[in-house]
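Hi there,

Here is the structure I promised to pass on to you. Have a look at it first, and then read on for what turned up.

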Amino acid sequence: LFPSHDTPPLSLFSSLLISYLSSLLFPSHDRALIYRKQYSHLSDIIDKSKDLYKKICPSAVYNNTEMVWKFPSGAQIQFTYLDTVEDCDKIQGKEYQYICCEEIGTYNSDKVMRYCLSRLRSSHGLKCYYRATCNPSRFKWLRNTFRINSLGESTKFYVETDVDNLDENGNKKTVKKCVQYISATLSDNPHLGSEYRAQLMLLPEDQRNALLYGRWDAFDNVEGAIYKKEIQKMYSEKRYCKVDFQKDFDYYAAFDLGRNDTTAIIMFQFTGKDRYIFDYYENNGESIDYYIDWLKKKGYEKAKIILPHDAKMKRIEFKYSVFETMSKEFSDVVVLERLGLEEGIDIARRMFDYVYIDSSKCERLIDCLTNYRRKHNTTLDTWGDPIHDGYSNGADAFRYCCLSEESRSIKIDFSQFGSNHTI
């Protein structure tokens, strides 16, 4: 993983193109994939490839329709975009020896990367590689996957996995993979001048710390963050920890329903005022039946459902409202009363002191709560309404979780938090 620090042409990414192309001279079976998150972002790296590849191999041909380079040996380099894991269907069944992602830090989860890794294989004995470039990202999954510390220092470690087939001695084979993060600074790019550095100095503090200094904790302090103090207190009190799901006791699913965007689900349990959030899920473009199936597949078929105030509204394209559909599948479905956004946020902030969040299954929820922020009026230097973006759906589901009322007490084992008693 190479941080790119927003560098212009002939950056680290360009050097990746050159180094890979040099190795392509050229096994005939070699196939490479270079992708970005958005289609519109591809034009820049395709333009770079047209400048670089022709200089190295004048007889190489680029097909604009297929977005693929073809070389005299038969080797190919494919460009594509993969916005969501559903977009990965276009590479299903394909075999690549080299896959590279430009700006992997724009992805909010590791799903696309994991799928791409499954396409790395060779039936001709060629060595396989996955490479990526990025800047320090808001998303914790990237930092955790590559074990990157706050300063963004280089890391290198090995992951071992046992495979089903046995070696010649009848022992399980172990596959060892090297995972490496290579730190880079502006000084590593000789083509950058002092003016570019000066431009980065003018950025807001979080962006400046990320892009100029390469700090991976830069976005832990988001300007205008609504739950900033509450999250810092939760960390200090170690309430972002392991939270076990206790299936024998009441548990709840708080929904934020996405009409044309993301639907988010928070799974939690009560004890007194305390809320123990043990799972989180979000997706988009799916009907309510999809989320009902998700709950059942996860073993949450007895969940008590909490829906937002508009869940009883019917849409023209559906026969039943979300409330009616959920009520057919779950015995306890509650629709919250309509409450003003600011009033709901105020209640959620006060309830935050009683919230425990699982650190293994709710990483995306923490990202949403950390980055849920207000609009900034630069003219008046004031903070306005909360921004509706990719983080707000998870934050809304959290608000509904905090607005829900306890229906009965449950037994929680507090030994995980260093206590010797249960409630």
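Methionine 67 is buried, because its relative accessible area of 14% falls under the 20% cut-off. Please keep in mind that this is a predicted model. You will find methionine 67 in the loop that links strand E3 (61-63) to strand E4 (68-70). Its phi is positive, about 55 degrees, although methionine 67 is not a glycine. Most residues other than glycine have a negative phi.

Aspartate 381 also deserves a look: here, too, phi is positive at about 55 degrees in a residue that is not a glycine. Aspartate 381 sits in the loop between strand E17 (374-377) and strand E18 (382-386). Is aspartate 381 buried or exposed? With a relative accessibility of 56%, aspartate 381 counts as exposed, because the cut-off for that is over 50%.

Now to strand E2, residues 31-36. Five of the six residues in E2 are buried, so the strand is mostly covered. Which strands does E2 pair with? One is strand E5 (residues 76-81), which runs parallel to E2 and is joined to E2 by six bridges. Another is strand E6 (residues 98-101), paired with E2 in the parallel sense over four bridges.

In E5, phenylalanine 79 stands opposite isoleucine 34, while in E6 the bridge partner of isoleucine 34 is cysteine 100.

Note on methods
Residues numbered from 1 in each chain as written. Predicted model: local features only at pLDDT ≥ 70, side-chain atom pairs only at ≥ 80, totals over all residues. Heavy atoms only, no water. Helix = DSSP H or I, 4+ residues; strand = E, 2+ residues; numbered from the N terminus. Buried < 20%, exposed > 50% of the residue type's maximum accessible area, 1.4 Å probe, protein only. Pairing = 2+ DSSP bridges.
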